[in-house]
Amino acid sequence: MVEFERILLRDIGKPNSWSLQTYEKGGGYKALKKALSTYSPDEVIELVKSSGLRGRGGAGFPTGVKWSFVPKDTDKPKYVVANADEGEPGTFKDRVILEEEPHMLIEGIILAAYAIGAHEGYIYLRKEYPLARERLLNAIEEARKAGFLGKNILNSGFDIEIYVYIGAGAYICGEETALLESLEGRRGHPRKRPPFPATHGLYSCPTVVNNVETLSNVPFIVLHGPTWYRQFGTEKSPGTKLFSCSGAIKRPGVYEIPLGAITLKQLVFDVCGGLKEGHELFGVIPGGVSAPVLTPDEIDVPVDYESIAAKGSMLGSGGVIVLDKSFSAVTYARRAAEFYAEESCGKCTPCREGTPWLVKILKKIESGEGTEEDYNLLLDVVKAIRGKTFCPLGDSAACVVENFATKYKEDFEALLKKPVAV
Amino acid sequence: MPKFILNGKEVEFKPGETILQVAWRLGVKIPVFCYHPHLPVYAGCRMCLVEVELRGRKGLLPSCATQVAEGMVVNTETDEVRQARKSQLEFLLLNHPLECPTCDAGGECDLQNLTFFLGPAESRYTFKKHEKELVEAHPYLKLYPNRCILCNRCVSFYQEISANDDWGMFGRGHNMRVGPYRDKILDSEFSGNMIEVCPLGAITGRDYRFKSRPWEHKVFNSISPHDSIGANIKVYARVGGKYSRGYIIEGGVRGENHEILRVNMRPNYDVNDPWIDDRTRFIHSYVNSSERITEPLIKREGEFKEVVWDEVISHVSGKLAEIKEKYGSEAIAGIAGGRGSNESAFFFAKLLKDTIGTKNVDFRIPRRDFEQGDPLYEVLGSSASTAKLNDIYNAKNIVVFGTEIKETHPLVGLKLVKARKSGARVYYLGKWSSKAERRWASRIYNYNINGEVEAALSILKIAGLKKEIQIEGLDKVSLETLLELAGLEKEYIEELVKEGSLFIFDDNLPYDVQKALSYASTLLDGKILVLRNAPNGQGFIDMGVSPVLSNGQSLEAEKGLSTYGILKAAREGKIKALLLYNIDPIVEFPARDEVLEAIKSVDFIVVFDSFWSEVTGYADVVMPLTLSFEEDGSYTNTEGRVQWAEKAIPVYGMAREAWRIFASIVGYITGENRVNDVKDVTEMIINSIEPYKKLKFPLESKFKEPYPDNIPSLHNIKTVYKYPTAEYKLRPREVSFKYETGEKITDGYVLVMSYHLYKTVYTLRTEDAAPLVPLKVVEMNPLTIRQEGIEDEAILIGPRNEEYEVKVMPNRNLPKGVVRVFYPFLDYDLNSLLDYNGFGHVRIAQAVRR
């Protein structure tokens, strides 16, 4: 089995890994002290920029660039929001950080706030992580007592407060603008962009929204510098990435792997120990349900943003779902479509009306009642949704269904009613 | 100007414009559902997707939400765009019921029209449509959730424009629905606007439901008769037609099918924007009330006899001439209700002032302090607002004083919401405050029930101190005393007295309040907006229906009696003839007993009115008047805007326009030629009334907004109307006050007269308003109710131990010692307990147990 140095997950397994004591023993809050004493906010942004850190939530947008969009000359308050609404099916990597190493996130938030000049940070935490909430609140309390939070932290003259906000259980609130709406106490509907959150975010004020894993990378970049950071990963995808692997594999779990260091195939068969006895590989979803499925002959590809995108899928959140042949493609597609139909926020027509229609057609085909016409209608509806929705949710639904329907056409055809020869 | 390419042509745009705005401006049609020019952009329906190419990237973008950028290439008619529109229509029709034949919006429906032009002809949906339950959200509204396409327009209006929160979106995905929170009746005076912004028939109005097809209507441009904002409205009346049940005989008597079907807004950005209030929209069937007076009547031997018009005119003219001969013209007086047209008011004043020669004419409530004259004139040299309604949008600091805007002038509330949202500070000072004020006020201060005058004087005093100006008559009383009597904190009032403030108050407030606020506005370089309580109050002043003014800006040579003075003189037997035009003093004024005594003391009472009422019983002659929907005429709104209302339906019975009657009497007495055309009267007004001299006929001008024809829900905002305003000369004058701290009521229950949106002389004459009219209702603080052990009903006991049975409703906004009673007093005679200022004193002796 391949082993790599653990950066983010270094404290996992240590007793009380979530305590300030353990975190500081491993070098925690050193980055913050260093930043406050030696770097100006702009220098912190520059460090993150040159580290090449990319957003770990799914889109892979360069984090430093995102931060540099925040206007400097504004009299409005600024905010940092940590997106801890980890709702993508198959993804549970942030949970490990939130539950086991909450201080790493807190330090990341403080550094981000220092960089953009924010004095308030919010952690938008999904309701389904009660343990994370408890540990976060504890950690915030510990950090405040140690002087990392509050007024004039570490005598630097910088003020920062962090609040935990619990979501109400909607998948769409993982989308950054819907998250902000929800955080403001409104319905979780995505906002139109532009303007982007960097200029008009929380309460219409400049806001940086980052994934938990992204923010947790920041202390290491600040402490050891971009050059050190770039020794991991590839040129375009530097750093390590957490992969949450699930499915019918022998060793499911969260693994930290430098981007591009191994292939998806190695990840499934070496790191995760391959499929369980009696199961046969059907395909691999590399980045949470929203990423198109890769067939067994497509998975010999390095796990970095570019390589997987080249295969027509995406690295996304790093939620690797290994599908096996116990179910047909129709069932997988139906299951995914059901998720999107359930989670569609209802704002735009194609997603609200289209996703339930997809489910109904897929169910019809699954039950053996479908015909060639239904299969074609399915692809038509996919086309009517794709590229026309307000936010990427509807797009994802369409792409996922289309992927299963075209890559595994034979599975579908096997279930279609044949026209009876007269 | 920067340019981009739209459908192959190079086109200029203003920075910030969206693709849709530019396209519509140039006549390029883009279909929409959720977009509405007066609502925030939602971008949810995806109907307006167009192909946009910028810097090598190409894709479909919602044109309503995409701002044009230099170098953009936009195509609105590619195959992909057309296919996208078709797809959206197919999606929207999946669960849309086929109720079009019985739907109110049939023929006026965006979904119908756009499907006709762009949509698929067949459905490929073979599954069951989902069904949602009908929602009754309001006595006037019914929601059909199955028809709803979730475009969010109603929610945008309700939450953003009216700043209310009990209507919204629920659930998500395909379970999403709009509706009221819980099953409560909507707490809104603007809910009807949701019918108009709805692109299809999901929200329907009670007055119009299942009544007619849109092509049966004839549309008339009118003005709201309910308040002095003068909201522009369209009156939809039934006209004859092959499939119509109704018919109209021009100029003839009204048939039973002559009805007003509905009232919609007419956009006028100076007055009502594209919104109207629910009272204006839903309360119109009083025109067919069974209480309408149908014939001219003369009382002979104690009984009314129907007579022809000529007879009644000659009778009244003769009688008036006789009384003038015998007792002098001072023995004749006239009180008006301020509800008629300018033309009628003009001739009312002409009849009394010129022909008979008395100045005893007034339309105001009988406040004793109004005897002093006209409060605005005394300060400004003209009796008119110095601000226009839209100055609400320009002001940075707005002080609303003493007026329950929600009950009397609801549309001002919408303007205040917009003002506050765009950064103005809006203060409200009142006896009490409710949720309605909290929608638009940034700060609310309640003064003591009887501390109104002191509250206004403290504002003036602070303004004077800031400007280092001594105010005559106020130097003896200290600011601290005033504030203590008013029950206000100094720092709060100091905060709201700012340079350039706009003061908004109504004309029923005490004389000193109006005077003080007007004066404060001149000191602070600010403005005032006076909300006239009578629907045509400004018009009546301008026409000279005033004992002190001959028009809005000129003083009479000698002063006549105010309403209070007339009633007092009548009780003393000095008034021999009294003309009551559109007013029943017995039910519309406080101090019922004294008013009644006054009425009984007058020898000859002529009532000009549309409805039977209490005073008609004491009348010697009764003449039936038309209502505003039955006549042409101009109305001046509270800011001085002169607006024209068209006749929509034939007259009821033998009713006549008031101006025609007054002109006939004038003609009969003087022998002058009678006037036959209302426009001739308007001409006379323009020629003789000073502030109106620059007006030109026709008063109305229109311009068209470039909205596409195939979107019916935008038709109502396509033509925008404009009306001119009267111009008043300002001549600021020296002001002094005669303020003395008087004795204040401190114990027991104080009866306070106030207004209710749905309790007016019109709403009490129609069943339509019934669910919302507080009949025989008084309101009290729930704590007081519990303390007194009252269950629903109670008996109020007056100072002479007279008993009044009333229904008691809880209102937690009221101070504890207050019993709130509602004008007008058609349903109960609690005005016997009120003094001329609208205050009274009661005991609550026992609770009625069932």
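Trainee: How much space lies in the largest cavity?

Mentor: The largest cavity holds about 400 Å³ of space, where a volume is what is filled by probe spheres set on grid points joined across faces, edges and corners. The model is predicted: local features need pLDDT of at least 70, side-chain atom pairs count only at pLDDT 80 or more, and totals for chains, interfaces and linings use all residues. Residues are numbered from 1 along each chain as its sequence is written, chains are lettered from A and ligands numbered from 1 in the order in which they are written, and side-chain values use heavy atoms, leaving out hydrogens and water.

Trainee: What makes a space a cavity, and what makes it a pocket?

Mentor: On a 1 Å grid over the protein atoms alone, a cavity is a set of points where a 1.4 Å probe fits but cannot get out, whereas a pocket is an open set with protein on both sides within 12 Å along at least five of seven lines; lining residues have an atom within 4 Å of a point. The structure holds 10 cavities of 30 Å³ or more. The largest cavity has 29 lining residues, with B:Asn533, B:Ala534, B:Pro535, B:Tyr755 and B:Tyr823 nearest its centre. The second largest pocket has a volume of about 1500 Å³, and its 45 lining residues include A:Arg186 and B:Glu160.

Trainee: Why is the second largest cavity said to lie between domain 3 and domain 5 of chain B?

Mentor: Domain 3 (306-366 + 539-637 + 654-688) and domain 5 (749-847) of chain B both contribute lining residues, so the second largest cavity lies between them. The domain bounds come from an automatic or database domain assignment. This cavity contains about 210 Å³ of space. Among its 24 lining residues, B:Arg339, B:Asn582, B:Asp609, B:Ser610 and B:Tyr762 are closest to its centre.

Trainee: Why is chain A called as compact as a globular protein of its length?

Mentor: The globule rule is 2.2 Å times the number of residues to the power 0.38, and the radius of gyration is taken over C-alpha atoms. For 422 residues the rule gives 22 Å, and the radius of gyration of chain A is 22 Å, so chain A is as compact as a globular protein of that length. Along its principal axes, the C-alpha trace of chain A spans about 90 × 45 × 35 Å.

Trainee: How do you know that strand 8 and strand 9 of chain A pair?

Mentor: Pairing requires at least two bridges found by DSSP, strands being DSSP runs (E, at least two residues) numbered from the N terminus. Four bridges join strand 8 to strand 9 (residues 319-324) of chain A, and the two run antiparallel.
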